[in-house]
Amino acid sequence: MSGRFAPRPTRTTVRGGHVVVPGGAAGGVPHQAADPGRVRTWTPDGPLDLGLVLGPLRRGPGDPTFRTTPDGSVWRTSRTPAGPGTLRVALRGGVVRGTAWGPGAEWLLDRLPDLLGAADDPGAFEPRHRLVALARHRRPGLRLVRTGLVMESLIPSVLEQKVTTDEAYRAWRLLVRKFGEPAPGPAPERMSVLPAPRTWALIPSWEWHRAGVDDKRAATILRAVRVAARLEEAVGFDPVAARRRLELVPGVGPWTSAEVVQRSHGSADSVTVGDLHLPGIVGWALAGDRDADDSVMLELLEPYAGQRHRAARLILLSGRTPPRRTPKMPRTDIGLL
């Protein structure tokens with residue numbers, strides 16, 4: 001994650017971390033494809049680290065909707081209001097080059113700056129702890145991603161409820177590859193676009209079972225996709241109002257809604273509560289308290305009100321985590337039962 005230690009494979013530490021984007025022999029120049037696609041360039045107003053900004057969107061190393069390639073590009077697919085699209089992003093000499101394909105290409109390029117944190121304001125953050133200040137100094141390119149899309153973050157977040165990271169990532173990988181559609185354009189092999197809401201609604205019960213998804217999580221996703229249009233409207237709300245709308249769906253609670261708006265809205269203050277590991281990590285880093293619960297974590301993060309999510313990410317990136325003293329959560333694959 002930070003390059004200084006091997007993080008525990010939990011949802012929290014993986015998301016707080018950094019996706020490695022290879023520099024490539026071309027120095028970050030995307031390879032030339034047969035279909036050139038539509039192109040947009042954008043120059044950020046400060047340091048930008050693609051791995052830090054886009055890393056929270058990756059759901060494991062085998063994510064069919066996210067890929068990094070040796071030429072220094074980050075590829076991702078999305079189901080936009082205009083249709084499916086593939087976006088390739090590369091950074092060279094401080095200039096971002098975005099190339100997109102598919103019906104959603106223009107939509108993706110229009111929102112490329114927001115995706116990469118143009119609406120974020122890192123300068124509003126004031127470190128209150130030496131560890132946090134040092135983490136920010138070491139990661140000047142951290143900005144908060146903003147996708148402008150709800151369902152592409154909501155569905156995998158539901159899959160990640162109360163299971164191990166490996167189980168959640170496997171379910172996401174299997175379901176998207178089987179029921180999604182091939183990525184438009186010259187995307188890397190086996191990339192797919194998130195299935196449409198109606199497709200999710202028609203997935204047979206045995207396919208959920210084979211993917212290791214229990215009835216509770218499957219039912220939550222089915223309830224969400226039935227009102228997908230109403231949930232997508234929440235991108236026009238402030239994060240607090242958006243979370244209220246998301247939590248109207250039975251099975252979507254504060255943990256899940258925070259995970260969504262951190263990505264869909266770039267919310268700097270939506271700290272994740274209800275996580276198995278995050279309170280202990282924050283408690284250990286800021287107060288030496290490995291047994292901290294949500295209330296203690298929120299108290300410790302209170303000096304960062306308005307920026308608590310950013311503070312939590314920097315704490316995760318610092319690499320200061322309590323030593324393990326209990327076994328990992330056991331994996332239970334219901335698809336094998």
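**Exercise 1. What share of the contacts with a separation of 6 or more comes from residues 24 or more positions apart?**

Step 1: start with the term. A contact means heavy atoms within 4.5 Å.

Step 2: read off the share. Residues 24 or more positions apart account for 70% of the protein's contacts with a separation of 6 or more.

Step 3: know what you're looking at. This is a predicted model, where local features need pLDDT of at least 70 and side-chain atom pairs count only at pLDDT 80 or more, while totals for chains, interfaces and linings use all residues. Residues are numbered from 1 along each chain as its sequence is written, and side-chain values use heavy atoms, with hydrogens and water left out.

**Exercise 2. How many helices and strands does the protein have, and what percentage of its residues count as buried?**

Step 1: helices (H or I, at least four residues) and strands (E, at least two) are DSSP runs, numbered from the N terminus. The protein has 16 helices and seven strands.

Step 2: buried means under 20% relative accessible area, exposed over 50%, and partly exposed in between (1.4 Å probe, protein chains only). By that rule, 53% of the 337 residues are buried.

**Exercise 3. Which residues of helix 12 are buried, and what covers them?**

Step 1: helix 12 spans residues 239-246, and its buried residues are Ala241, Ala242, Arg243, Arg245 and Leu246.

Step 2: the cover over these buried residues includes helix 6 (151-159), helix 11 (228-232) and helix 13 (254-264).

Step 3: check the start of helix 12. A side-chain oxygen of aspartate 238 reaches to within 2.9 Å of the backbone nitrogen of valine 240.

Step 4: hop over to helix 13, where you'll find glutamate 259. Glutamate 259 counts as buried because its relative accessibility is 5%. A polar contact (a pair of N or O atoms within 3.5 Å; within protein, one must be able to donate a hydrogen and the other to accept it, and residues adjacent in sequence count only if both atoms are side-chain atoms) of 2.8 Å joins its side chain to that of threonine 272.

**Exercise 4. Is threonine 80 buried or exposed, and which backbone atoms lie by its side chain?**

Step 1: threonine 80 lies in strand 3. At 7% relative accessibility, threonine 80 is buried.

Step 2: a polar atom of the threonine 80 side chain lies 3.1 Å from the backbone nitrogen of alanine 82. For the backbone oxygen of glycine 83, the distance to a polar atom of that side chain is 2.7 Å.

Step 3: beyond neighbours within four places in sequence, threonine 80 is in contact with Gly104, Trp107, Leu108 and Leu149.

**Exercise 5. Which residues other than glycine have a positive phi, taking lysine 162 and arginine 190 as your examples?**

Step 1: phi of lysine 162 is near 55°, a positive value, and phi of arginine 190 is near 70°, also a positive value.

Step 2: Lysine 162 sits in the loop between helix 6 and helix 7, while arginine 190 sits in the loop between strand 6 (181-182) and strand 7 (192-193).

Step 3: lysine 162 is exposed, with a relative accessible area of 69%. Arginine 190 counts as exposed too, at 53%.

**Exercise 6. Where does proline 113 lie, and what does it touch?**

Step 1: proline 113 lies in helix 4 (residues 112-115), and is buried at 11% relative accessible area.

Step 2: not counting residues up to four places away in sequence, proline 113 touches Arg40, Trp42 and Ala118. Proline 113 and tryptophan 42 are 71 residues apart in sequence and 7.0 Å apart in space, C-alpha to C-alpha.
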